Structures are given as structure tokens and as C-alpha cells.
Amino acid sequence: MFRTTPTRLASVLALTVVALMASGCASMIPGLYPPTPVTAQGHDIGNLYDIVFLIAAAIFFVVEGFIIYAVIRYRRRPTDTELPPQIHGNNLVEIIWTVIPTVIVAYLFVVSWQTLNTVEATSQNPQVHVVAIARRFSWSFEYLGPDGKSLVNGPDGKAVELPGTMVVPAGQTVRLSLHSPDVIHAFYVPQFLFKRDVVPGHENTFDFTVDATDAGQTFRGQCAELCGVGHQGMSFEVQAKTPAEFDTWLQQQITQAKAVPSPPPSGKAPSGSPGASPSAPPAAVSLDLTAKNVAFDKTSLEAPANQPFDIKFTNDDQGTQHNVDIHKDSPTGQVVFDGEVITGPDTRLYQVTPLPAGTYAFVCKVHPTTMIGTLTVK
Amino acid sequence: MATTALHPAVPAYRSGLYEWITTTDHKKIGILYVVNSLLFFFIAGLLALGVRAELAQPKVQFFAPDVYNQLFTMHGTVMIFLFIIPILAGFANYVVPLQIGAPDMALPRINALSFWMLPLGGILMFTGFATGGAAAEGWTGYSPLAQRAYSGTGTDLWDVGLVLIGTSSILGAVNFLTTIFKMRAPGLTMFRLPILVWTVLVTSVLVLMATPVFTSALIMLFIDRNYGGHFFDPATGGNAILWQNVFWFYSHPAVYVMVLPAMGMVSEILPVFSRKPLFGYKAFVFATAGIGALGFSVWAHHMFTTGAVFLPFFSLMTFLIAVPTGVKMFNWIATLFRGQLIFATPMLFALGFLTMFLIGGINGAFSAAVPVDFALHDTYWVVAHLHYVLFGGSVFGMFAGLYYWFPKMTGRLLNEALGKLHFVLMFIGFNLTFFPMHMLGLAGMPRRVADYSANAGWSDLNLLASIGGFTIAASMLPFLWNVMLSLRNGEIAGDDPWEANTLEWATTSPPPPYNFDHLPEIRSERPLFDLRHAGAAHSALPAKYAETHS
């Protein structure tokens, strides 16, 4: 049953080639480095990554090298008729290969602890304090003053959440607090080399400083903790401005918010009680839309421009989740309204904030390729 | 060498259905475990193909997000709880009593009970698909997402199914410990136990200490969902982090439950096919115990980004657990050195285990460095890491064991050419699937997303991973063909086709009920080696080998 040399050699060769392929990947493909960091903390993490990567690559090549060497050098030959030496072990080498890895991991622990301390360090007085609110399935941001009170407030004095984009001053320390009213989410910006969970009932706070040279840049961020059917689309942007531009922008937000009546968090469940409909006075225009057999009953809707309207959404599919999202221009355009996902049979009254005239698409985010329609606002 | 007088090919696998359902024979129960686990392996593999098909290209093509979330949740849950853990328990069930020279497990009826809970638990979980959707929170079932407000009946069925499977594990662990401590053959002292038996012993201790914690957490979740409990839901004053703590207090040791027996199998196979004893037997035993002990102090390394755990402690312990694992790796390699390696299929899979598990250990060290984990956590990097450990490690180890003990279980040899084809396809497919995931993770692709933007730059690597996934699936065809072929007309194996070292090869293939007619003397951890080479040791070619080699 043991094969003769050619087959055996072939299998050794196959194994070696594939192992070499795998090991070759490690060094040659630049994809094994994280993106270029854009924050002070990200640079520290990137440097630590380099150290870990170097040690890991060295261990990889040495150990895989030993395995491949043994496989080639000690393959059984037809002349091997006697038993090889029956070696049961050697205490000295056991001690050596216990001590060496211990030293390596001790070093790795110390350097990563040092980096951890700089990454986790918080400033005495950060220039900007932002609260990120993560709810299924969107992000919004509140700006706080030094007294911890909201800066951007509606005429009624209530805090206004700015949806989708977090604007920060480059070169200044930003404190970010994370708040979730529903399930666990995670704030993740790949170019920060950083993420932190948004845990309901447990507010996480950390500082970061975008490099001053990155003013004018926009970074993509995304929820990194599974939060339900809309998880993959729960993204946001971080916009870095120069401190002067940031101040102007913030002032603009403050004045605008005071002027416009603050909209209710439309379509979103109020914190703590998902499933309850927001109770606000009905808008002048109400549209009916039904989902049945994984399709909308209408392919086009019309709504008045620049005034709030309601969508009375009925989900008739037993046990299936649907919602209504409104995208600008096309079904893949920017999301301007994000309705709560409901499991049929159920209904919701979505309150849509005023939209400028134009063409929009309404899409069920759970079935984004099949449940699509056109919304004309005029 | 001594061949027992019994008929060499007792047709165990042809017995009647009634016999199989009512059996308390550890060998039949072991085979039931293996077959049942392989069935769930193929089902969960199909679910993974669904995931890879969907991710091959950006945009939603095959599965809407609600279905997609069920696919990966059930894939993970089934692979871990209904495939890897039980199939290793199945091999242990078959092999451990034989290796310690016992007639059966200590508690044969409990043994049957622990097996039959598994298909029941599995079926319960899958009925979720008929009740408006199976569980869709990921195999980790994080709360509040797993609470009633966000998930349907499928999650209750998932929960109850896991309670049954957990109970099965606990009963199995009690049985293994009793068997190993009380039923060893005369002369088989603890330090003469085969390494596989040692790993099963440590695994059973882990299961016994950790699984009850998880089972109680599942019951607490069930109370939360159905009887107005407030354990894990912050909306009603509970604590979402508490679930993660109790979940990982079980599920991290569970990683060692999934890896240690595979290490044990590899430690049986490498010496046999190197024709040398295992290098550093005692170091191996201590390393296994060390991994078991340290395994209880690293659970929160799954929670570095929660902001709710003491980071330096868990970082240190996670780094430290690499030391005993490294010791094992070096001992395995030292076993190969100066040996005479025979590349039969079990050996190829064992070498696959060494080369791939090494990567799973190394890429794990990245996440032990807490700040690096801030970048990598919950991205595809972690998916790569866990598959290098559980697929590159456990599944390669499991297949090594399957090819190694198949002749003992059925009395017939598997075809070597088909076995090698299986290995090569699986090895290539595995690396194609999971290596690109390192890069996807670094580039920022989170886990558990049904879709990604075409502009993200992730499309090519995803396509590559999907091609790899289907290559792994293709590698199962020669395997299944091989099994069917061998069961019908495979070459008769004889008692000891591999020139092995341990007691299971001292009886017929398959062994008779109650296993042994008589036992050889046990004076070391390799009683059969001693028997074969008694007196004339180290001189002539063993008779058996000469016969098969010519």
C-alpha cells in the first residue's frame, strides 16, 4: 500500500509548491498591510502592526521552512529498511523552545501594552466633543460644547442630530462618545485602524486626532457589529476640515438648526421600544404602500416638494422583513430616508422629512434588487 | 504478530436499523457520531457555498440580507456544534476505549443518550427555516439582537437546540473522564496513555467546566425572550456585555475543545508515518494541560473593542497561550526530523494540519496585540484566522484521523490516489478561500455583510475566495466516491495496516463487540511497537511491511 518513489515524490512536490505559494503570498502581496493611517492613534497602531508583522513573518518562514525541509529530507527511501533512531525527546531542547517563544510573546505584550496606553490616552480638554448615535441602520452625530450640552439645537432647544456625516477639525483632538438606543453596533473607520463597539446601556468614549495634513479628506466608515438586516448598508462618512472651516461649518449648523423646526426622528423607533410608532400629528399628504409576496404594490409614488409627508407602509408577508428607504436619484443613490424594518404582517406610519423636488427611488433594503420603485417629488 | 482468531471483517456497518438505533456499543455510537457529523458538515458547507456565491460579486444576487444572515448564522452554529465538536467526540468515542484496552465506555447508555440528543438538537435548529426564518444573529447570538424585539422564533429553536447539544457534550465529558480514569488496561499508567487519550481527557475537563455556563446563559436568554426576563437586554435594565462574558467563557475554551482532539490525532499519526516515537511525550502532556488551564483566562480577547474588559490582562494571557501551542508545534516537527516519512493520505492531512494551523496561530497573535485588534476585530481578518484554526487545524486533523481509522472502523482501506486528490484539492481550495480574507479584513471589509460596494476594491479578492470555496466543495467528491468505493470493494485492511503503535490495532478490523480477546503487555506508550520489535528490534524489516511494500 505504500507507494513507490515517483508518486511519493510527486506528493511531496505538490505539498511544497502549495506551501511555497502560500508563504510567497505573505511577503509579496502588499495587501497584507493595513491602509495608511490618518489619525495620530492610527499611526501608533500601524507601527505596532509593522512590528507584529515582521516577527510573525519571520516565525512563519522559519517554522514552515523546517516542516518543508523535514518533508523533503526525511522522506522514506527504498533503502530505508531499518528503523530510524528511536529518539524520545531531549529536555534541553524542550527548555530552549519553551523559553524562546516566551521571550518573543513577552516582548510583543510589552510593546502592544505601550501602544495601547498611547492609543487609549484621553486629553484633558479635547477641542471638539461629538456623540455618535448608532441606531438600526443609520448613524447621526451630535456636537457638544465644553459644558457637555448640545451646541446644535432646534428652536425648541432640543438637540439636533446631524445624519450620515461626521465633520471634524483636522489636527485637533476630537472626543467621540458612542450611543446606541437599540442593539450593539460598532464604530469603524478602516483608515483610523480603529473600531469601538456602540453598546446600549454602556457609553464608550475615546479621543482621536486626524492628521492636520488630511484636512479636506473624507473617510468611509461602517458598522462592524452585526445589527440586523440593514447591517451591510449602515455606513457613514468622516469629513476632515481645517479648524477654521470647521468652526464656520459648525456655526452654520447652529443657525440653520435654530431656524428649521426640528424633525422627529422619522421612521426610527424611539429609544428602548423598537416597534412603537412615533406619535406625531399626521402630515397633509399620506401615501399608501404595501409589500406582498416580496414586491411593492406600486412602482411609482408622487409627493409634494418641501413639505413633510407620510408613507403608510403595510407588510403583508408573514414572517418576512421589509422596509422603505428613499434614495436620491437612483436606487443606489444617497439614502435620504431610512424606514424601520418590520416583520409582516405589520404596518408603520413613516414620517418623511421635506424633500427638495426631484426624482427619488424607494427601495426595500432587505430586498434591494427586486423591490424598487420611483418616487417623484414636485 | 498476534492476530486474533475472530473473523477479520465483521460486517458492522451492515447491521439492521434497529440495531443501530438501540446500540450501546461505543464503536457503533462512534460511527453514528461521525456519520451524523459529516451529514451536518455537508449541510453547513452548502450554507457556506451560499455565502460565497452571494459575496462573489458586489450587489445582492442570490440571497436578500434577511436570508443571508440566516445562512452564515446556521453555517457557523452547525459547523461548530454539530460538526467539529461532535465528530471529534465521535472519533474519541470509537478510539479511546480501544486505545486504553477497555471493552466499552464506562456508561454505555449515557453514551447513546448523548449521541441521540445531537440530531434532535440539529433538527430543532433547522425547523427555524419553516417558522419564518432561522436564527440570524451570527453563531455568537449577541444580545440585544437576539432578544424578542429583533428576532423571531428561529432564535428560540436555535437556543433550545443548543441546550440539547450542550447537555450532550456534558454527558459525553463525564463518560470520557470516567472511562479514562477507571477502565485502563493493566499496565497502562497515565504516562503511557496515547496522546489522543490525553487530549480527550483535557477536552472533557474543559467541557465539564465551561459548557454548563453556556447552557445556563442559553436558558437565561430563553427566559429573556419568552418570560419577561431582563438578563441581557439593556432596554429593560439588563446587561448586553454579560451575555458576551458568559458566551465567551464557554466559547473560547470550546475552541480548544475543537482543536485539542485534532492535535491528539495528529500526534498519533505523525509518529506512525515517521516510524519514530512522538518527540517529547511528557512535554506534550504538560503543554496540553497548560493550554487547557490558560484557555479559561483568555475569553475576553473576543471583547477587546467592547470597552468593558481589562485589556492588558487578557492580552498577556492570550500571548502566553501561544507558548504551549508553540511547544507542541516544535515537538511535532522534531518527530519528523530523522524519521522515514511515509506520505500516505493520513500523513498528508496531518502535515496539512501542521502547515495551516501554524498560520492560524500566527495570525491569532495579531489580535492578541490589543491595538492591532482594534483594526482587525470583526473584519474578514478574523474570519481568516478562525478558519485557519478550525478548518486548517481541526478539519485537516479530522480528515487525517478519518483516513487513519477508516480501515479500523470498516475493515477496508481507502484508495490512496483518490485520497491524495482529495487532499490536494482541499489544500489548494482552502488557501484560495481563506488567505485573501486576511487582505479583505485589512482593507476594511467587516464580517457578516450581505453586500459590499463595487467601489470598495474588494471584488477581486472576494471572487478568488468564492472560487476557493467551490474548490473545497469539489474536493469532497473524490472523498465521498472513495468512501463508497471502499465500503463496497475496498482492499481488506487487516488488523494493523499502518504498522501503528497503539492498542486499537491489536484487535480485528472492525473489532468485535467488547473489543479484545486478549491484550498485549503494556510497558510503554507504544505497546504494539514493543510487540512488533520485541527481541529483534531495530534490525530486520518488519514482516508486515515487507509484504505490503513489494
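## Basis of the model

The structure is a predicted model, in which local features need pLDDT of at least 70 and side-chain atom pairs count only at pLDDT 80 or more, whereas totals for chains, interfaces and linings use all residues. Residues are numbered from 1 along each chain as its sequence is written, while chains are lettered from A and ligands numbered from 1 in the order in which they are written.

## Overall form of chain B

Chain B contains 17 helices and zero strands. Helices (H or I, at least four residues) and strands (E, at least two) are DSSP runs, numbered from the N terminus. The C-alpha atoms of chain B occupy a box of roughly 75 × 45 × 45 Å along the principal axes. The radius of gyration of chain B is 23 Å, which agrees with the value near 24 Å that a compact globule of 550 residues would have. This radius is taken over C-alpha atoms, and the globule rule is 2.2 Å times the number of residues to the power 0.38.

Of the 550 residues of chain B, 64% count as buried. A residue is buried if 20 or more other C-beta atoms lie within 10 Å of its own, exposed if 12 or fewer, and partly exposed in between, with C-beta atoms placed from the backbone. Two residues are in contact if their C-beta atoms, placed from the backbone, lie within 7 Å. Among contacts in chain B between residues at least 6 apart in sequence, 82% join residues at least 24 apart.

## Contact between the chains

On the side of chain B, 95 residues are in contact with 94 residues of chain A. Helix α14 (residues 416–442) of chain B supplies the largest share of this side, 10 residues. By residue class, the side of chain B that touches chain A comprises 60 nonpolar, 24 polar and 11 charged residues. Here Ala, Val, Leu, Ile, Met, Phe, Trp, Tyr, Cys and Pro count as nonpolar, Asp, Glu, Lys and Arg as charged, and the others, Gly among them, as polar.

## Sheets of chain A

Strands of a sheet pair through backbone hydrogen bonds, either parallel or antiparallel. Two strands are taken to pair if DSSP finds at least two bridges between them. In chain A, five strands form an open sheet with mixed pairing, in the order β3-β2-β1-β5-β8. Strands β3 (162–163) and β8 (204–209) of chain A stand at its edges with a single partner strand each, so one side of each has no neighbour in the sheet. Strands β1 (residues 128–135) and β2 (residues 138–144) of chain A run antiparallel and are joined by seven bridges; A:Ile133 stands opposite A:Ser140 in β2(A).

Four strands of chain A form an open sheet, also of mixed pairing, in the order β12-β11-β14-β19. Its edge strands, β12 (295–296) and β19 (346–352) of chain A, each pair on one side only. Strand β11 (residues 285–292) of chain A runs parallel to strand β14 (residues 309–315) of chain A, with seven bridges between them, and A:Asp288 has A:Lys312 in β14(A) as its bridge partner.

Strand β21 (residues 372–377) of chain A is joined by four bridges to the parallel strand β13 (residues 300–303) of chain A. Within this pairing, A:Thr374 in β21(A) is the bridge partner of A:Ser300. Six bridges also join β21(A) to the antiparallel strand β20 (residues 358–363) of chain A, where A:Val363 stands opposite A:Ile372.

## Selected residues of chain B

B:Ser114 lies in helix α4 (residues 108–126) of chain B. B:Ser114 is buried because 26 other C-beta atoms lie within 10 Å. Leaving aside residues up to four places away in sequence, B:Ser114 touches B:Ser168, B:Leu171, B:Gly172 and B:Asn175.

Two cis peptide bonds may be noted: that from B:Ser143 to B:Pro144 has omega near 5 degrees, and that joining B:Ser509 and B:Pro510 has omega of about -10 degrees. B:Pro144 is in the loop between α4 and α5 (153–182) of chain B, and B:Pro510 is in the loop between α15 (459–489) and α16 (527–532) of chain B.

The loop between α15 and α16 of chain B also holds B:Glu499 and B:Asn515. Although not a glycine, B:Glu499 has a positive phi, near 60 degrees; likewise, B:Asn515 has a positive phi of about 75 degrees. B:Glu499 counts as partly exposed, with 19 C-beta neighbours inside 10 Å, whereas B:Asn515 has 21 and counts as buried.
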